[in-house]
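Here are my notes from going through this one, as numbered points. Have the viewer open and follow along.

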Amino acid sequence: MKIVIIGAGEVGFHIASRLARENKDVVLVDQNPEAIRRVTDSIDVQCLTGSGSSPTILEEAGIDKADILLAVTDSDEANLVACLVADILSPTTKKLARLRNAEFDRYHDTFSENAPHIDTVINPEIEVVKTIERLMSVPGAVEVGEFTDGRVKFIGVNLDRRAPLAGVLLSEIPAYIKGPRPLIAAIVRDEKVIIPRGNDRLKPDDLVYFLSEEEHLLDTLVLFGKHSRPLKRVLIIGGGRVGYRLATILEEKGIYTKIIEKDPRRCSELAEQLNKAVVLHGDGSDQGLLAEENVKDMDVVITLTNDEEINILASLLVTRMGAHKTITRISKFSYFPLMSTIGIEQVVSPRLSAINTILQHIRKGKVLSAISIKGEQAEVLEALALETSDIVGKPLRDISFPQGALIAGIIDNDKISIPTGESVIAPNNRIIIFARREAIPKVEKILTVKLEYF
Amino acid sequence: MRWNGILKIVGVLTLFFGLTMVFPLLVGWYYADNSVMPTLEAMALTFATGGLLFLFFRRTETEVITQREGMAIVAIGWTAVGFFGALPFYLSAEGFSFVDAFFESVSGFTTTGSSILTSIESVSKGLLFWRSFIQWLGGMGIIVLSVAILPFLGVGGMQLYKAEVPTPVPDKLKPRIRDTAMLLWKVYALISVAQVVMLLAGGMSLFDAANHAFTTLPTGGFSTKNASVAHYNSAYFDGVFIFFMVLAGINFSLHYQFLRGRTLAFWQDSECRFFLGITLVLIGIVSFNIYGTVYQSIGEAIRYGAFQVVSIITTTGYATADYETWPAMSQLILLLCMFIGASAGSTGGGMKCLRIMLYFKFCYKELFSLVHPRAITQIKLGGKAVPDDVMRSVLGFLGLYTGLFALSAVLLAGLGVDFTTAFAAVAASIGNIGPGFGMVGPAENYAHIPYFGKWLLIWCMLLGRLEIYTIIIFLVPEFWRK
């Protein structure tokens, strides 16, 4: 599989390194020699210096043989032109582009039907707002993913010391629960991903990933010591594009929203565009202002300024002042491992959201959605079990499933079940697979192997 | 520096290298000569060492290798391979002292082709084959081969590749380093087979044809004959050798492009034009110079002149004539050729045409800016601007190369070697050529070099093969700092 990536920024770089590790052929194009050097120094991909919208460069990159073109430069225009040129040179190549300008939002379908034929338009800001919404809706969740159009949720929570399940053997869990039990897919302990077995114990401070049907979600969360509280008051720090988008959505839901923004001109713009939300002019890390606006009564404080250091500090500050929950926007990936140590649990990143969306589209076969977790050590995939694939029609224990991967759930007509060795996957069932990074290429192969004969 | 990881990979490389000893074993077994036992013993020792290293450090994570670790692995790996490659010589009953065996082995791997053997033809067939075969392995690079074949190197393979092939302007033929390495080896093997066929067609025995192809393509220069290629005294063979030496002196990615149907690939590459141009000009001058003084017919002058110029500039080191009897100008041109070397990305050594070209362009730019102090100029190569850091590394390389050459020559002379010999032996070792002038001329060998002198030259050969930086970095205190 060959992928041409235009733009060696944070998103391009990360996707390239992910795919290179999975032994895919990646060609990366960027105009900036510095960015190119960063890539050649650390990852095994082919690099070209030049404009991604130049036909010569695209031909040199082998666009005619590429399965996917990914345009993720910082400029929407450059991305559009790159897709347009690629469309002329190689119409069969699947095209994905990142467009950040909100003006394009309504035209995503137009772009896929007309000239550039962009198969998927990714707006990281839309993605990140969706992520924030999901995080707000699930109390205590560090990570929330959705499968089967939101009916099944994939949740990551930090296990509280006082939670009913803390210190319990996995095999004993059924004894604790009367109703449907959660499907524990993975545990992250000391930065390592563990695929648990019956004789593993849940320990306090573990980050536990589980699957749950939407209707049982709140009951399940109680087992992990997370109690839901109604979402009534939200404070947004930073009134940029993401802040504005989020505020509009919250307004529609009738949630009382305040936005703090530093730039007075932006404040008046916001005040003009928003109806009910309170727009405050000031610094998000100003303790006086925060106290004045009753930050301690806020259900959620979301820090969304463009300066991630300010976001981190503001989140820490409001937590100390009594806010119940914070969601922090961070762009630098190198900060992620630090976050739980300094006490910030919920983190969003437009780039990470964009990467996740892009990955879903790059995954081969009938992968419906893909979520990468914990420093990209593992991925959760939702896939359609094709009639012709090897995993259909026989008990699971007879299937040689790759090491480091696990079928976490089988969804048959909306009914989700925990697979056992005896379970049989019927054609067109959806399966949820949890796989460590190194097992992903093999999982992809299992899902598609027979498909390639067509 | 994670030494555990470094030693683990060196262990794997050693194991892999031990496997290649099967070939001389088969040859020795076929000819039923006395090289079979020493080769078997050497193989056992190599496997044991590699296996122990690997078993001991097998749990170490080596998915990611830093640039520094990559350099350490390549430098240590090459030394280890030189050591284990020496074992069949040392363990044989043919009278190799340890330093001689090590010298012969490193001279092979680095494709230098200087020998301490006084009578090549009396050595057993198995060992002769081993001698040629290690040149063939070393030519395209034992690390490149491992990267191509061993899947576990994965991402880290790239750092190793860069440490072994530190060309100023790297070009990846395929998105993945493993595929690139594989392609280069395929092209290399294909051209080698072509040469075997051509030599067979001229009536050479299969053993000699294979051995000579194995030492032409890596621009090595070991021969199975005492008199080198002069032994055959055939214009046809001279022609075949010249042709394949020139091919070996050209960037192998151009060969690949040519084979893929880009017929103009050679012409479109500015370094290749420079290399072919300078070779032709020097052939012209040398032939003119030796016509009438050494050779009486113009045909002979061109035949021997061309062979010798090509042999030295590609850093192969075959001989068809004793060029020490030639006029001083021709000798000096050949000495110059030792420094110029072949193209970047070829199997040849020396400073490399690409660097020489960039250096001239740099000099011209400096002169130009003396005339036009406010002019903004950019050094270009094939229509593209050369980044400053590439230029810096080229200048640094040339400086280090000449500096280390001078230092080693002084040291060698200090060990009691005469002026010409010391000068030429070091130039021929650091440039991976083989024969030099004086006591190490084309009709001589390196047997009489003093004990420490041999170690010095071994070091020079490794320096030259790994293009200075990968070896010299070990002497920089900063490298060892935590």
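1. Start with the open sheet in chain A that has 6 strands in the order 3-2-1-4-5-6, paired in parallel. Strands here are DSSP runs of E with at least two residues, helices are runs of H or I with at least four residues, and both are numbered from the N terminus; two strands pair if DSSP finds at least two bridges between them. Strand 3 (46-49) and strand 6 (120-122) of chain A sit at the edges with a single partner strand each, so one side of each has no neighbour in the sheet. On average, neighbouring strands of this sheet are turned by 15° against each other, direction ignored.

2. A word on what you are looking at: this is a predicted model, where local features need pLDDT of at least 70, side-chain atom pairs count only at pLDDT 80 or more, and totals for chains, interfaces and linings use all residues. Residues are numbered from 1 along each chain as its sequence is written, while chains are lettered from A and ligands numbered from 1 in the order in which they are written.

3. Back in that sheet, strand 4 (residues 68-71) and strand 5 (residues 94-98) of chain A run parallel and are joined by 4 bridges. Ile68(A) has Lys94(A) of strand 5 of chain A opposite. Helix 4 (residues 76-89) of chain A packs on the sheet, touching strand 1 (2-6), strand 4 and strand 5 of chain A, and its direction makes about 170° with that of strand 5 of chain A. "Touching" or "in contact" means that the C-beta atoms of two residues, placed from the backbone, lie within 7 Å. Axes are lines fitted to C-alpha atoms, for helices over the stretch in contact, and angles run from 0 to 180 degrees between N-to-C directions.

4. Is strand 2 of chain A buried or exposed? Of the 6 residues in strand 2 (residues 25-30) of chain A, 6 are buried, so the strand is largely enclosed by the rest of the structure. Buried means 20 or more other C-beta atoms within 10 Å of a residue's own, exposed means 12 or fewer, and partly exposed is in between, with C-beta atoms placed from the backbone. Asp25(A), Val27(A) and Val29(A) point one way from strand 2 of chain A, while Val26(A), Leu28(A) and Asp30(A) point the other way. Strand 1 of chain A pairs with strand 2 of chain A in the parallel sense over 5 bridges, and Val4(A) stands opposite Val27(A).

5. There is another open sheet of 6 strands in chain A, in the order 14-13-12-15-16-17, with parallel pairing. Strand 14 (278-281) and strand 17 (346-348) of chain A are at its edges, each with a single partner strand, so one side of each lacks a neighbour in the sheet. The twist averages 20° from one strand to the next. Strand 12 (residues 233-237) and strand 15 (residues 300-303) of chain A run parallel, joined by 4 bridges, and Leu235(A) has Val301(A) as its bridge partner. Helix 10 (residues 264-273) of chain A packs on this sheet, touching strand 13 (256-261) and strand 14 of chain A.

6. Now chain B: how do helix 19 and helix 20 of chain B pack? Helix 19 (residues 419-430) and helix 20 (residues 451-465) of chain B have axes 7 Å apart, at an angle of about 40°. Helix 19 and helix 20 of chain B are therefore oblique to each other (under 35 degrees is roughly parallel, over 145 roughly antiparallel, 65 to 115 roughly perpendicular, and the rest oblique). Residues making the contact include Ala425(B) and Val426(B) of helix 19 of chain B and Leu457(B) and Met461(B) of helix 20 of chain B.

7. Helix 10 (residues 206-216) of chain B has 8 of its 11 residues buried, so it is largely enclosed by the rest of the structure. Among the buried residues are His212(B) and Phe214(B). Their cover includes helix 6, helix 9 (177-201) and helix 11 (235-248) of chain B.

8. Last, Ile120(B) lies in the loop between helix 5 (98-109) and helix 6 (125-140) of chain B. Ile120(B) counts as partly exposed because it has 18 C-beta neighbours inside 10 Å.
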